[in-house]
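Hi everyone, thanks for coming.

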Amino acid sequence: MKDSGTKGAVYKISLLGLIAMIFPTLYGIGNPQQAYYQMGYASIIYMIIGAIFFFIPYSFMVSEMGSAFKDNEGGIFTWMKHSVGEKYSMIVSMIWYAAQLLWFVSVATTTWVTISTAIFGTDTTSTWHLFGLNSSKTLAILGILLIIGLAIICGRGLKNLTFLSTVALISMIVIHIVVIGGAILVFIMAGGHFAQPMIHSVKGVFVGPNPNYSTPLEVVAFFVFIVFDYGGMEVIAGLADKVKNPHKNVPKGIIISTIIITGLMIGIVIFLGMYANWDKVLGGSGVNLANYSVYLTDNLGVKIGNALGMNAAASAALGLWLNRILSWSAAVGLAILPLRVFSPIQQLFRGVPKGVFPEKLAKENKHGVAMNAVWLQTAIVCFIVFLLGFTTSGSSSSLYNTVVLIMTVAMTVPYFFIVVTYIKFKKNKNIKKSYEFYSVKSGLFWGFIAAAVLGFANLFAIIQPALSGNISSSIWLASGPVIFGFIGWILYSRYKRKMSNSK
């Protein structure tokens with residue numbers, strides 16, 4: 001949309017355009033499906049709490065900072081550099097980078113569930129064995145090969161694959177139509193009865209049927225998954241000043257997006273309860289944080305078959321084919337993974353002072369890709385995958401649960417530091433703020449609230465396994481942010497010494 005009040009053709013994002021950009025960035029059907037697997041209907045109350053005390057205030061905070069530093073490269077590094085300091089921004093940027101690496105660790109292992117389901121109609125990875133190794137070690141080897149393959153493809157330039165993001169969006173719409181439409185059909189044919197009984201006690205509002213989240217500490221630890229589901233607004237935070245009438249449309253767009261995303265997540269949980277009884281579908285030992293959707297989709301196919309009058313064999317076959325179809329749709333979206341290999345490297349290099357990283361890492365090949373940095377990143381991811389695969393207990397479920405939990409905690413830790421940055425940003429009167437939603441007083445209030453929510457959620461998520469006797473998991477959860485934060489401190493100290501010597 002053109003802004004006729006400015007000189008030349010200046011394009012402004014409409015309210016609908018802003019909502020359309022926020023929605024796919026923050027939402028995926030896997031979020032409510034995972035919440036249902038972990039907490040059942042009890043996840044609903046935590047979605048509401050997360051929206052009020054994290055999602056909405058955090059979105060306004062990063063929108064303010066993004067618009068204030070719209071003319072600077074470097075994203076969150078620039079925000080932190082000007083609001084807190086260069087050393088702080090370097091350390092936190094490395095913690096953020098660790099989260100991106102651990103996301104790829106998750107991709108390296110859980111992707112094979114999608115591939116297995118697309119081929120066989122169900123998750124068979126627990127039976128995979130290479131060279132006499134157990135399934136956990138086998139998946140680690142396959143994951144390493146996948147990450148190396150992504151790096152090789154990345155080095156050849158991938159602009160021609162960007163259209164697959166549109167295909168992935170279409171795939172997401174199709175999956176929603178199947179899940180929602182199938183749930184309504186099953187619900188109607190069942191005479192309006194839910195497969196999962198509705199909540200009938202106060203305890204049921206806060207504690208779900210999953211025995212892994214039955215104590216208060218475990219419930220608080222679960223909240224980090226809600227934070228993860230709502231995170232990501234910082235990616236488009238710099239667009240606040242590019243929105244038409246930002247003081248009116250940015251808050252309106254964020255509030256509308258919050259209502260749509262939160263409502264859709266709650267709605268999907270309710271739809272899942274229409275056809276999936278938690279104990280019968282998700283209570284088995286083979287269900288884990290990587291394959292829960294396989295069991296949900298298979299059960300939906302069986303229930304649709306029953307509703308249409310099919311026999312048991314035909315209904316089971318429908319469940320397998322429904323899994324295959326939806327998994328192939330998801331697999332198409334995985335084709336854009338090579339495009340994301342270089343993204344965290346590019347974000348890390350932008351805004352960081354020249355000299356922090358060795359010059360060889362920034363050297364680009366003929367396709368404009370810094371392959372030395374890509375191979376270093378690949379080596380780190382492969383090393384972590386190898387350690388997890390060969391130190392986790394033999395089952396693939398243990399590996400999946402550990403990897404997903406580590407990735408989730410690592411991805412949410414940087415949000416705490418971004419909120420702390422906002423508190424400093426709000427106090428700093430020397431920073432010109434082109435867009436403000438909060439006054440200084442209200443901004444500091446919501447900043448401290450969000451920081452407390454994030455701090456407690458991550459702390460409890462890290463210490464909960466240790467209190468349950470699983471010390472190694474707690475060490476894994478804390479190791480990523482701590483190690484990479486320390487690396488950031490070393491890099492910055494080295495950079496300052498180098499600058500001091502050059503002077």
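How many aromatic pairs does the structure hold? It holds 26, where rings of Phe, Tyr and Trp (its six-membered ring) pair if their centres lie within 6.5 Å, and planes under 30 degrees apart count as stacked, over 60 as edge-to-face and the rest as tilted.

Quick housekeeping: this is a predicted model, with local features needing pLDDT of at least 70, side-chain atom pairs counting only at pLDDT 80 or more, and totals for chains, interfaces and linings using all residues. Residues are numbered from 1 along each chain as its sequence is written, and side-chain values use heavy atoms, leaving out hydrogens and water.

Take Tyr-46 and Phe-222: their ring centres are 5.8 Å apart with planes at 80°, so this pair is edge-to-face. Tyr-46 belongs to helix α3 (residues 43–68) and Phe-222 to helix α9 (residues 216–230), so the pair ties together parts 176 residues apart in sequence. Helices here are DSSP runs (H or I, at least four residues), numbered from the N terminus.

Buried or exposed, then, for Tyr-46? Tyr-46 is buried at 9% relative accessible area, and Phe-222 is buried at 0%. Buried means under 20%, exposed over 50%, partly exposed in between (1.4 Å probe, protein chains only). Ring pairs also link both residues with Tyr-213 and Phe-225 into a cluster.

Now Phe-386 and Phe-390: with centres 4.4 Å apart and planes at 25°, the pair is stacked. They sit four residues apart in helix α16 (residues 371–391), about one helical turn. Phe-386 is partly exposed at 40%, as is Phe-390 at 29%. Thanks, all!

Key: Helix = DSSP H or I, 4+ residues; strand = E, 2+ residues; numbered from the N terminus.
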